[in-house]
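Subject: Structure for your review

Dear colleague,

Please find below the structure that I am handing over to you. I would be grateful if you kept it open while reading the notes that follow.

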Amino acid sequence: MTLVFAGACSHAPGITGRADRADKQVRDEFYANFDRLAAAIREAGAEALVVIAAEHFANFFRNNMPSCAIGMAEYYTGPIEDEEWLGIKKTRVPGNVDLSKRLIQRVMQDVDISFAEEMQFDHGVSVPLHFLTPEYDLDVVPIIFNCQAPPLMPLHRVYAFGQALRKAIDAVPEKIAVVCTGGISHWPATPDSGKINEDFDREFLEHFVSNDREALTSYSDSEIYDRAGQGGFEIRTYVALAGLCEGAQGELWFYAPIPIFAVGCTIASMGVEPVASSAPAGGS
Amino acid sequence: MSLYYVEKLIYQLNRDPSVRQRFLDDRDSVLADYDLSEEELVAIRSPDVGLLYVLGVNGQLLMHYAALCKYEWNDYIQAMKDGLEQHGPVRAGLYARTGGGAV
């Protein structure tokens, strides 16, 4: 078993870009849990970090939009956003072509994906890395889901992707940590920015930490749009991580709506081994 | 019908410094590469973030573009509200106003 850690975090650009406008006490508690997540990755001995993230048109447009793409580059650049606006300097992040290739080849045995030998990061990856590997000293393998331009990958296929990724990670000798990063309910980049459906978030997070495959994959995109906004499509990243850790259970470390960050800010871990009393959900 | 090309142009401006530079140096030659209506040309040339929002430009694209145009956060949110006042509801896409914003 070479999956050594799995976790989840938010990535909204306000987390770094509008840091001084949030309630300081809540913000600092959130940041402290980012630090805890970073420490857990290090303490697990991770030699590479897989980031399951959401595309925000940093790489792909609708002339050629992959449902899911895995990076296979020597390095990645970003963020694409204005540095001052995001509060993160543009940089190069190390990749690992050989590791990416081995993961991609194994994932392809089970599910269809795309790969990219060139990729830029936007806030969706840059904000998590800002906290998790601030020195950019850990090889990163980015996995980008289309959460912006429907039709989107159905959730049961996202879960299956996570299962395929697990087989791939367990087939390589390197110690791998995986972090998924997405918003749950949110209406970013609209005049409703700051609107958060906390009831939906807590319901979804309960399904997530209990790794309830049936519940996690039962949401339709129309239900997500109505209850969680277009930002809610990013739950794909959490569902993929649940598939990666099928049968395991998670722990919610932090959740709080922070409206100026435009999202319910979340930090969680997910067990990497199935719990003894829990048969894999979904009957397969 | 040409919203697709408005968004494609903004996508390329956001992510490609060479397109940005060409746009700064000779805007019309860049715009000539895209199939755009007069209203869309006005929205991009201004730039009018409120009108671009109402036209239905994807919110992530527009948020990054507003940042590129040095819109301060509150001004960007206000520009979208002003766009709704001046031009009516969002005409396409996923980023229509649903009410309840907290910031």
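A residue is called buried here if 20 or more other C-beta atoms lie within 10 Å of its own. Please note as well that this is a predicted model.

Chain B

By that definition, 36% of the 103 residues of chain B count as buried. Chain B contains seven helices and zero strands, and from the N terminus on its elements therefore read α-α-α-α-α-α-α. The C-alpha trace of chain B spans about 40 × 30 × 20 Å along its principal axes. How does the radius of gyration of chain B agree with that of a compact globule? For 103 residues, a compact globule would have a value near 13 Å, and chain B has 13 Å, so the two agree. Among the contacts in chain B with a separation of 6 or more, 70% come from residues 24 or more positions apart.

The contact between the chains

Chain A gives 24 residues to the contact, and chain B gives 28 residues. On the side of chain A that touches chain B, eleven residues are nonpolar, seven are polar and six are charged.

Two helices of chain A

Helix α6 (residues 155-170) of chain A packs against helix α10 (residues 235-244) of chain A at an angle of about 45°, and their axes are 6 Å apart. Because of this angle, α6(A) is oblique to α10(A). The crossing in which α6(A) passes α10(A) is right-handed. Which residues meet there? From α6(A) they include L155(A), V158(A), Y159(A) and F161(A), and from α10(A) they include R236(A), V239(A), L241(A) and L244(A). In the contact of α6(A) with α10(A), eleven residues are nonpolar, three are polar and two are charged.

One residue in a loop

V172(A) is placed in the loop between α6 and β8 (176-181) of chain A. Leaving aside residues up to four places away in sequence, V172(A) touches T2(A), L99(A), R102(A) and L103(A). One of these, R102(A), is 70 residues apart from V172(A) in sequence, yet the two are 7.5 Å apart in space, C-alpha to C-alpha.

With kind regards

Definitions and conventions: Residues numbered from 1 in each chain as written. Chains lettered and ligands numbered in written order. Predicted model: local features only at pLDDT ≥ 70, side-chain atom pairs only at ≥ 80, totals over all residues. Axes fitted to C-alpha atoms, helices over the stretch in contact; angles between N-to-C directions. Helix = DSSP H or I, 4+ residues; strand = E, 2+ residues; numbered from the N terminus. Parallel < 35°, antiparallel > 145°, perpendicular 65-115°, else oblique. Left-handed = near helix turned anticlockwise from the far one by under 90°. Contact = placed C-beta atoms within 7 Å. Nonpolar A, V, L, I, M, F, W, Y, C, P; charged D, E, K, R; others polar. Rg over C-alpha atoms; globule rule 2.2 N^0.38 Å. Buried ≥ 20, exposed ≤ 12 C-beta atoms within 10 Å, placed from the backbone.
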